Amino acid sequence: GFAGGTKAVLQAVASGELPSDYTPVADAIKTPAHLELAIETALGGNLNNLICADNASAARAVEWLKTRRAGRATFLPRAAMRPSFLGERTLEVLHD
């Protein structure tokens with residue numbers, strides 16, 4: 001299951017209290033079954049982070065959590081995300 005704040009936000013989405021633009025990192029990642037444990041281990045608690053549209057969506061959910069004392073959550077606004085690229089050597093190692 002998800003951590004307290006994350007779970008509370010997802011329940012608020014389900015009940016219509018918050019818009020449905022929050023996706024847990026755990027639900028956003030697709031991986032082959034044989035790599036699931038490795039990915040879960042590498043990401044750890046970050047699997048509970050919530051991806052949202054923008055800073056306003058994050059602020060709305062943070063305010064919702066505060067007023068209800070429903071816990072904490074980390075939000076990752078898509079508008080603030082920047083791609084990162086793997087170096088050539090890393091790609092070689094992964095390819096082998």
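The model is predicted, so local features need pLDDT of at least 70 and side-chain atom pairs count only at pLDDT 80 or more, while totals for chains, interfaces and linings use all residues. Residues are numbered from 1 along each chain as its sequence is written, and side-chain values use heavy atoms, with hydrogens and water left out.

**Sheet**
- Three strands form an open sheet in the order β1-β2-β3, with mixed pairing.
- β1 (23–24) and β3 (75–77) are the edge strands, each with a single partner, so one side of each has no neighbour in the sheet.
- β1 pairs with β2 (residues 50–52) in the antiparallel sense over two bridges; strands pair if DSSP finds at least two bridges between them.
- Proline 24 is placed opposite leucine 50 in β2.
- Strands (E, at least two residues) and helices (H or I, at least four) are DSSP runs, numbered from the N terminus.

**Helix on the sheet**
- Helix α4 (residues 55–68) lies across β2 and β3 and runs at about 160° to β3.
- Such angles run from 0 to 180 degrees between N-to-C directions, with axes fitted to C-alpha atoms, for helices over the stretch in contact (heavy atoms within 4.5 Å).

**Aromatic pair**
- One aromatic pair is found in the whole structure (ring centres within 6.5 Å).
- Tyrosine 22 and phenylalanine 75 form this pair edge-to-face (planes over 60 degrees apart), at 6.0 Å centre to centre and 70° between the planes.
- Tyrosine 22, in the loop between α1 (4–15) and β1, is 53 residues from phenylalanine 75 in β3, and the pair links these distant parts of the chain.

Conventions
Rings of Phe, Tyr and Trp (its six-membered ring) pair if their centres lie within 6.5 Å; planes under 30 degrees apart count as stacked, over 60 as edge-to-face and the rest as tilted.
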